[in-house]
Amino acid sequence: MGIRRPAVSTAVVAALIGTFSVQIVAGTASAADRATAVREDFDGDGYQDVAVAAPAATVGGHTWAGYITITYGSANGLDTAHPTVITQDTPGVPGVSGDNGVFGYAMVPRDLDGDGLTDLAVTTREYQPEGNVSGSVIVLWGRGTGISGQDSVRVTGAPANADVGGDITAGDFDGDGHTDLFMGNGDEYDYRNVLYGPFDRTGAPAREQRLMVFSTDNTISSTAAGDFDGDGIEDLATFYVYENHAEGGKLWLGTKDGLSTVPQRLSSASATAVADFDKDGYADLATRVFPGGDTELVDDPGTIKIYYGSAAGPSQTRTRTITQQTAGVPGVSEKNDHFGARLSAGDVNGDGYPDLAVGVPGEAIGSVAKAGSVVLLKGGSGGLTGTGAQAFHQDTAGVPGVAEKNDVFGGSVRLLDVTGDGKADLTAGAPGEDLGTVRNGGAVWLLRGTASGLTASKSSAHNPVDFGGPSAQAEYGENLSGDNGPGVQIP
């Protein structure tokens, strides 16, 4: 189900509707372990931080120009009183805000230069002379004082008129401890480039690899990175669609020389998340299923399928399917629920097993259509199950706000340890939230992690009005850093 987009060319729309799954910070731990410990600490203070995009916002009179905010974690939660707002008009940021730029439609939070601080790669679409369209990936460098536009650069090496930034996915695909980026970075349709880190401060990678990822006239709908075969090197999964048909996936194994060039076949997938849910040393792949191979997802209640990792990669036989009909899962599978529209993994209760946050943005709360909710599935020695699952929405006691029609709460989800207590907290967006008379201004919530799971106690919310940012039709919270899933239709 694609996000409502501006009236731009077919090529731009195709580039925007993909899913980009961002996983795993490189380090000394195994790749499977790192999949559950993504560190988004932009200022190096030990607390994870949250980047939020409002890609539909009007900036400087330009529609769909977009902006992002950085909100910093603390022992008391997110410091929503002092967010950093960044647009392409921010001093130091390359380019300028323009119509249909959708700055922030995908964001990759990773340490790109190896200095120990998380950087943020932000994608944008930009118009070039003669009306030709090109993308851009802009790196905002992490620093002790926090992210700003200072010294930010475009990732270099891309020709004009290229699909730069399309399908962007981060991983350590050669196992050298440096972050690599898979992304559109050339003007040949059949290829994507792998840019191997570390990146220098001009935005240049250490080396590049051209990978022929297409064999027909299809497009990539989603990606995922993780050490699925347990060899200590991350692998890449790419999933394909053509018009309204799902066309399977491909697994590109990581090696010490980089991604393999001969893929294995995978089943189709919409949204994805990666973690070692059963702690067996292999990263597991959680996916939303395309029902009957139909990518339009019309009236879809939503189904999640988990492919558990093995020495051969994501197993096609050791799998688990979960819906809202599964024992223990709150709610009932109903038309338009879209259970699994967004997915994010993290250890909420601190038991060492990753859990899975499931966006259900089409969920009706009582008689309120498309108010939206988030379900938490808990990991354990047997993997993900419905046992102990929890659900939250704006009518849950303690959660700020009121469930309203078309809020699509759960339109974005991210599990991050914002409070630094060793338990992941839930950040959830409702990009359809109305702010007074302002339609679709959007808002973001934080729910704390505890030893028993998520709690609404001390939960908080913020929106563009709180910090004086552009709010009209902004769809703030449509995307969170590292949660670059399929767009959610905003009515």
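Leaving aside residues up to four places away in sequence, Phe 277 touches Asp 284, Ala 286, Ile 306, Ala 345, Tyr 353, Pro 354, Asp 355, Leu 356, Gly 379, Gly 380, Gly 383 and Leu 384, where contact means heavy atoms within 4.5 Å. Phe 277 lies in the loop between S19 and S20; strands (E, at least two residues) and helices (H or I, at least four) are DSSP runs, numbered from the N terminus. Its relative accessibility is 0%, so Phe 277 counts as buried. Here buried means under 20% relative accessible area, exposed over 50%, and partly exposed in between (1.4 Å probe, protein chains only). The C-alpha atoms of Phe 277 and Gly 380 are 6.5 Å apart, although 103 residues separate the two along the chain.

A word on the model: it is predicted, so local features need pLDDT of at least 70 and side-chain atom pairs count only at pLDDT 80 or more, while totals for chains, interfaces and linings use all residues. Residues are numbered from 1 along each chain as its sequence is written, and side-chain values use heavy atoms, with hydrogens and water left out.

## The chain as a whole

What does the secondary structure of the chain come to? There are 3 helices and 32 strands. The chain has 491 residues, and 61% of them count as buried. Among contacts between residues at least 6 apart in sequence, 56% join residues at least 24 apart. The chain exposes about 16,200 Å², with carbon and sulfur atoms supplying 50% of it; accessible areas come from the Shrake-Rupley method with a 1.4 Å probe, and for residues only the protein chains shown count as cover.

S19 runs antiparallel to strand S20 (residues 284-288), and 4 bridges join them; two strands pair if DSSP finds at least two bridges between them.

## An enclosed strand, S24

Why is strand S24 (residues 355-360) largely enclosed by the rest of the structure? Because 6 of its 6 residues are buried. Asp 355, Ala 357 and Gly 359 point one way from S24, Leu 356, Val 358 and Val 360 point the other way, and all are buried. Two of these residues, Asp 355 and Leu 356, are among the contacts of Phe 277.

S24 pairs with strand S23 (residues 343-346) in the antiparallel sense over 4 bridges, with Leu 343 opposite Val 358. S24 also pairs with strand S25 (residues 373-378), again antiparallel, over 5 bridges. There, Leu 356 has Leu 377 of S25 as its bridge partner.

## Buried polar side chains

Arg 342 is found in the loop between strand S22 (319-322) and S23. At 1% relative accessibility, Arg 342 counts as buried. Its side chain makes a polar contact with the side chain of Asp 483 at 2.8 Å, and one of its polar atoms lies 3.1 Å from the backbone oxygen of Glu 478. A polar contact is a pair of N or O atoms within 3.5 Å; within protein, one must be able to donate a hydrogen and the other to accept it, and residues adjacent in sequence count only if both atoms are side-chain atoms.

Asn 440 sits in the loop between strand S28 (425-430) and strand S29 (443-450). Asn 440 is buried, with a relative accessible area of 2%, and its side chain makes a polar contact with that of Gln 473 (3.4 Å).

## Ile 86 and its neighbours

Ile 86 belongs to strand S4 (residues 84-86) and is buried, with a relative accessible area of 1%. Not counting residues up to four places away in sequence, Ile 86 touches Tyr 67, Ile 68, Val 93, Phe 103, Leu 140, Ile 147 and Ser 148. The C-alpha atoms of Ile 86 and Ile 147 are separated by 9.2 Å, and the two residues are 61 apart along the chain.
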